[in-house]
Amino acid sequence: KDEMHLNHLDPEHAMCLSDYRYIFDRFIELGFEFVNSERILAGLDPSKKYVNITFDDGYQNNFKVLPLLEEYKVPIDLFVTTENVKNQHCFYYDVIYRERLKQKKSIDSIRAEQNLVKTMRHNSILAYLDREFGENCVTPWGDLDRPMNPAEVAEISKNKWVRIGNHTKNHYLLTEYSKDEVEDQISSCQKDLSDWIGSVPNTFAYPNGNYNQSLFSILQKHGIDLALTCDFRKIYILNWNKGNEPYRLGRFCFQGPEKIDDQISMFRNDFSLFLITRRALHWFRNLSQERESY
């Protein structure tokens, strides 16, 4: 927890190892089995309950969770954005957070700026950061805020509890780009990861959760069998591999260490006003994006 106060990166949800330990304990108490994407693709017993833990982007600090995974025998999926790895560049949201915090800006204004910037195209984001904070702003301050390097991606991929997946080359919000640009984001990441870990990933996580139906065939073309959204919803074992479901699997994100039990209960429930609202917002967003893509 002390590392959060260094402000090297945006502790958006402020989750620490002690919180993950509590989460693992609670799911075990509730009778869940931990699985990764390999187990999901191989087929699961619909009479049982499962949970799949995922991490996005490829931060070096993900190494901190490995002893906990070993202790609890928890397999995870780790989705990597490869251009940040190759260039050793911080992610733009961390740059905005720490630079604005130094300027004594409010958290609300920082969140608003992050949300605005993430809608920009990639080159515009880089130009914005350079203009606002200087050309060296994407240089990591240390191990907390930096992505893994290629050797570390290779190293962590050899851990028996970690499975590597595609998270695009540049963390593009794919619904904002052309088909050719999307193809490049996915295929370049596939090649990078294949070069580093010795195998081609068959799983994918949409940056920011942005997706529409036009992306599914592109993912399939590049060997992706399973893709995770940020839609707050459970995956039903009997239905997960029907139609386009493998390319729009739901996923929950813990919103912080407060009221973890309430969040776990919400994730497990079939009815929740919060989840219904989230689903409605995602449905309207994806509907509008699909209309724009045709």
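Residues are numbered from 1 along each chain as its sequence is written, and side-chain values use heavy atoms, without hydrogens or water. Since the model is predicted, local features need pLDDT of at least 70 and side-chain atom pairs count only at pLDDT 80 or more, while totals for chains, interfaces and linings use all residues.

Let's begin with confidence. The mean pLDDT (the predictor's confidence in each residue, from 0 to 100) is 92, and 92% of the residues reach 70 or more. Over residues 290-294, though, the pLDDT is below 50, and beyond near neighbours in sequence this stretch has five contacts (heavy atoms within 4.5 Å) in the model.

Now to helix H5, residues 92-102. How many of its 11 residues are buried (under 20% relative accessible area, with a 1.4 Å probe and protein chains only)? Nine are, which leaves H5 mostly covered. Among them are Tyr 92, Asp 94, Arg 98 and Glu 99. These buried residues pack against strand E3 (53-57), helix H6 (107-117) and helix H7 (122-133). Just after H5, Lys 104 takes a positive phi of about 65 degrees.

Finally, a helix pair. The axes of H1 (residues 17-29) and H11 (residues 260-268), lines fitted to C-alpha atoms over the stretch in contact, come within 11 Å and cross at roughly 45 degrees. On the H1 side, Asp 19, Tyr 22, Ile 23, Arg 26 and Phe 27 meet Ile 260, Asp 261 and Ile 264 in H11. Five residues of that contact are nonpolar and three are charged (Asp, Glu, Lys and Arg count as charged), with no polar ones.

Definitions and conventions: Axes fitted to C-alpha atoms, helices over the stretch in contact; angles between N-to-C directions. Helix = DSSP H or I, 4+ residues; strand = E, 2+ residues; numbered from the N terminus. Buried < 20%, exposed > 50% of the residue type's maximum accessible area, 1.4 Å probe, protein only.
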